Amino acid sequence: MLRLFAEHKLRKAITLEGVWRLTPLDGTEREFSAIVPGIWEMIPQLTQYRGKARYEKTFVTEEDGGLLLRFGGVSHTADVLLDGQHLGHHYDAFTGFRIAVPDVKAGEHTLTVLVDNGFSEASTLHIPNDYYSYGGITRPAAVELIPAAYIDRMAFTPEQTESGEWKAAVNVTVKAIRRSEAAVIKISVAGGCAEAAIPALEAGEEAQAQLHVRCRGVAPWGVRDAHLYELRAVLERDGAPVDDLIDRVGFRVVTVRGEDLLINGQKVFVKGFNRHEDFGSQGCAVGVNSMMEDLQLMLDMGVNSVRTCHYPNDPRFLDLCDELGVIVWEECHSRAIPGEIMRKPLFKEQIDTSAREMVMQHFNHPCIYTWGLLNECESETEFGRSMYRHVIDLIHSLDATRPVTFASCRFFKDVCLDLVDIASFNIYPLWYTDEDPAAYADKLLQWMDENGAANKPILFSEFGAGGIAGYHDPLYKAKWSEERQAEILDRQLKDLCAKARISGTYIWQFADVRVADEWAMRRPKAQNNKGVVDLYRRPKLAYKTVKENYTALKR
């Protein structure tokens, strides 16, 4: 399943999870059995393979009709063929994509996915970086049987009235793969319902219906106090249901009031971790059990938030955050992109697509309280400012209900803080510098307020220190020892969380991650070792330090 709940009661689906035939396209004619979802690096002969490969699988349909091919994520470029016919192309590992096929005969069919995780001029987001670009069909996939017109998506926007009651606006998009007659769309959520007419559509056309519902007996969704409701849309033709779509939603409103971040009118102090999708031999194809383990470990340390670094996360992880009441900063795919790459025409196209797909695909998750973008990119130049403004405006146009932020490292040079709703900075006192955390934070906060962040919430979006798992030096506490990491984090947490001016902190990072080989000389073991747990979630000494500080923090 692509989600942790059934998305349909009417629409039939065929899972594509399981064993596929995998052939690296490197001229060797090797063939392997590969699991989907999964990474090809788990195959011993392919642990270092970077390039192109072909995935193949057969499936059977029992009736003629339309198909919707759904992929949660392919890393990082995919070309999809059905029975040898090319159907579509998608770039970026961290957002899903769908391909509608209008008329497929019953019987056995061969699905082929050409996958590429290579670095080339065609890729401006996946570049050698401080995390690894794995290869494979890394998130769940399925085939769904769809009618001539089907429900494509729903966008749910809750609102609380002055009397305390809840209502919602739901925008439903219906798409046609063949000519379809007029129909009716009906929605229901939390005791409220509404319906609207859908006109006849020609192949390739779509229609949108904006519906409004008043809900009854709603318990709001809050931090560590999650209440979820089923939102269901049904498409009817001549009184008979022909398609449906289900999502889970929460009733909550995120606002920024001066220097405060509010959820349902209540001030929130963020106690968070930065987290990559990377887990031992699973790589970025993290299983649901491992996702839950991550969240349980973070909750044990007193965390209430996760920042998804530096890309949209698997919707199943967001589903878990929805259920557990963990608030999420999710950002479109980008990390420290060099200026010369940002200036390439393809970059703007690819970052726009990442931002658009992130917002449209994850809009309904109540856990997401802010959208992020362009982590540690060129925010100190006029060109960079134009790019930040462009992406910020795009995200605001897609979602006017959430604030937008980005994490900067352009110390005392950033020219983009006035563009965002929440100002955020990555700082590493006592690790990359010897500066006192409290004094340095005061200096930076004053400069931020004088340069665009005044009267806005401020987050310290990264801080931390490296610690190689198992390396102990209790006497000298040398850098890279677990003792030094714990000592630095203790100072950082105590000093930074005490600043009344800030609205929260995100520790870099939850778990160690593999990095690109090009970064190996800067990262012992070819890993970013700043996790408080290792790749397999074994705690370091810093785990206890974080738990003591976050659980004792009364903000």
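## Close-up views of a predicted model

The structure holds 42 salt bridges, and every view below comes from a predicted model.

**View A. A salt bridge joins glutamate 7 to arginine 70.** The closest N and O atoms of glutamate 7 and arginine 70 are 3.0 Å apart.

**View B. Four strands make an open antiparallel sheet.** Follow the strands across in the order E16-E15-E18-E19. At the edges stand strand E16 (192-198) and strand E19 (240-249); each has a single partner strand, so one side of each lacks a neighbour in the sheet. From one strand to the next, the twist averages 15°. For a closer look at one pairing, take strand E18 (residues 229-237), which is joined to E19 by nine bridges and runs antiparallel to it. Here tyrosine 229 has valine 249 of E19 as its bridge partner.

**View C. Nine strands make an open parallel sheet.** The order is E27-E26-E25-E24-E23-E31-E30-E29-E28. Strand E27 (404-405) and strand E28 (407-408) are the edge strands, each pairing on one side only. Strand E26 (residues 368-372) runs parallel to E27, and two bridges join them. In one of these, tryptophan 371 is partnered with valine 404 of E27. Helix H1 (residues 288-300) touches strand E23 (270-275) and strand E24 (305-308), and its direction makes about 145° with that of E23. Helix H8 (residues 541-552) also packs on the sheet, touching E23 and strand E31 (504-507), and its direction makes about 170° with that of E31.

**View D. Helices H4 and H5 cross at roughly 25°.** The axes of helix H4 (residues 345-362) and helix H5 (residues 382-398) come within 10 Å. Because angles under 35 degrees count as roughly parallel, H4 is described as roughly parallel to H5. The crossing of H4 past H5 is right-handed. On the H4 side, the contact is made by Phe347, Lys348, Ile351, Asp352, Ala355, Arg356, Met358 and Val359. H5 contributes Met387, His390, Val391, Leu394, Ile395 and Leu398. What kinds of residues make up the contact of H4 with H5? Ten are nonpolar, one is polar and three are charged.

How values were computed:
Residues are numbered from 1 along each chain as its sequence is written. This is a predicted model: local features need pLDDT of at least 70, side-chain atom pairs count only at pLDDT 80 or more; totals for chains, interfaces and linings use all residues. Side-chain values use heavy atoms; hydrogens and water are left out. Axes are lines fitted to C-alpha atoms, for helices over the stretch in contact, and angles run from 0 to 180 degrees between N-to-C directions. Angles under 35 degrees count as roughly parallel, over 145 as roughly antiparallel, 65 to 115 as roughly perpendicular and the rest as oblique. A crossing is left-handed if the near helix is turned anticlockwise from the far one by less than a right angle, and right-handed if clockwise. Contact means heavy atoms within 4.5 Å. Ala, Val, Leu, Ile, Met, Phe, Trp, Tyr, Cys and Pro count as nonpolar, Asp, Glu, Lys and Arg as charged, and the others, Gly among them, as polar. Two strands pair if DSSP finds at least two bridges between them. A salt bridge is a side-chain nitrogen of Lys or Arg within 4 Å of a carboxyl oxygen of Asp or Glu.
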